[in-house]
Amino acid sequence: MRFRPALGLLLTVTAVVYLPSLWAPFAYEDMRDAASMLEWPGWGPWLTLAVDAPGRMLTGGLTHLNATVFGIQPWSFHLGNVLVHLLNVAL
């Protein structure tokens, strides 16, 4: 298809622009917000959020998973953001 080279170029440019963020520290209230991710509120609030705001449930769940797997590391949160940007470009 014709759009594959263009998509490849867009994904490459997006990656080049956003990858330097992996070495950036937390900014402003990020550390406070990231530290709160370690405290899982339980399934009740998460399921309520799933009904009220499904998009929030997905991002909140992924953020909690990220904090659980990698701890409070800025690069892991930034990598998640880069992957979301690349997914948006691909879509």
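1. Phenylalanine 77 has a relative accessibility of 14%, so this residue counts as buried. Buried means under 20% relative accessible area, exposed means over 50%, and partly exposed is in between, with a 1.4 Å probe and protein chains only. The model is predicted, so local features need pLDDT of at least 70 and side-chain atom pairs count only at pLDDT 80 or more, while totals for chains, interfaces and linings use all residues. Residues are numbered from 1 along each chain as its sequence is written, and side-chain values use heavy atoms, with hydrogens and water left out.

2. The overall layout comes next. The protein chain has five helices and zero strands, and its pattern along the sequence reads α-α-α-α-α. Helices (H or I, at least four residues) and strands (E, at least two) are DSSP runs, numbered from the N terminus. Of the 91 residues in the protein chain, 19% are buried.

3. Contacts can be sorted by distance along the sequence. Contact means heavy atoms within 4.5 Å. Taking contacts in the protein chain between residues at least 6 apart in sequence, 73% join residues at least 24 apart.

4. Helix H5 covers residues 74–90. H5 has 17 residues and reaches 24 Å from its first C-alpha to its last, close to the 24 Å expected at 1.5 Å a residue. The expected span of a helix is 1.5 Å times one less than its number of residues. Which residues of H5 are buried? They are Ser76, Phe77, His78, Val82 and Leu86.

5. Two aromatic pairs are found in a search of the whole structure. Rings of Phe, Tyr and Trp (its six-membered ring) pair if their centres lie within 6.5 Å; planes under 30 degrees apart count as stacked, over 60 as edge-to-face and the rest as tilted. The ring centres of phenylalanine 26 and phenylalanine 77 are 5.9 Å apart and the planes are at 55°, so this pair is tilted. Phenylalanine 26 lies in the loop between helix H1 (3–18) and helix H2 (30–36), and phenylalanine 77 lies in helix H5, so the pair ties together parts that are 51 residues apart in sequence.

6. The other pair is phenylalanine 70 with tryptophan 75. Their ring centres are 5.2 Å apart and their planes are at 65°, so the pair is edge-to-face. Phenylalanine 70 counts as partly exposed because its relative accessibility is 43%. Tryptophan 75, at 37%, is also partly exposed.

7. Is histidine 78 buried or exposed? Histidine 78 is buried, because its relative accessible area is 14%. Setting aside neighbours within four places in sequence, histidine 78 is in contact with Ser21, Leu22, Ala24 and Pro25.

8. Alanine 24 lies in the loop between H1 and H2 and, at 28% relative accessibility, counts as partly exposed. Not counting residues up to four places away in sequence, alanine 24 touches Pro74 and His78. The C-alpha atoms of alanine 24 and tryptophan 75 are separated by 7.2 Å, although the two residues are 51 residues apart along the chain.

9. Leucine 79 is in helix H5 and is partly exposed, with 30% relative accessibility. C-alpha to C-alpha, leucine 79 and leucine 22 are 6.1 Å apart in space and 57 residues apart in sequence.

10. Accessible areas come from the Shrake-Rupley method with a 1.4 Å probe; for residues, only the protein chains shown count as cover.

11. A nonpolar patch on the surface is formed by Leu58, Leu62, Leu65, Val69, Phe70, Trp75, Leu79 and Leu83, with about 760 Å² of accessible area together. Patches are made of residues with over 30% relative accessible area and no salt bridge: like charges are joined within 9 Å, nonpolar side chains (Val, Leu, Ile, Met, Phe, Trp, Tyr) within 5 Å. A salt bridge is a side-chain nitrogen of Lys or Arg within 4 Å of a carboxyl oxygen of Asp or Glu.

12. Which helix supplies the largest share of the nonpolar patch? H4 does, with five residues. Helix H4 (54–70) and H5 each supply at least two residues. Leucine 62 lies in helix H4 and is partly exposed, because its relative accessible area is 48%.
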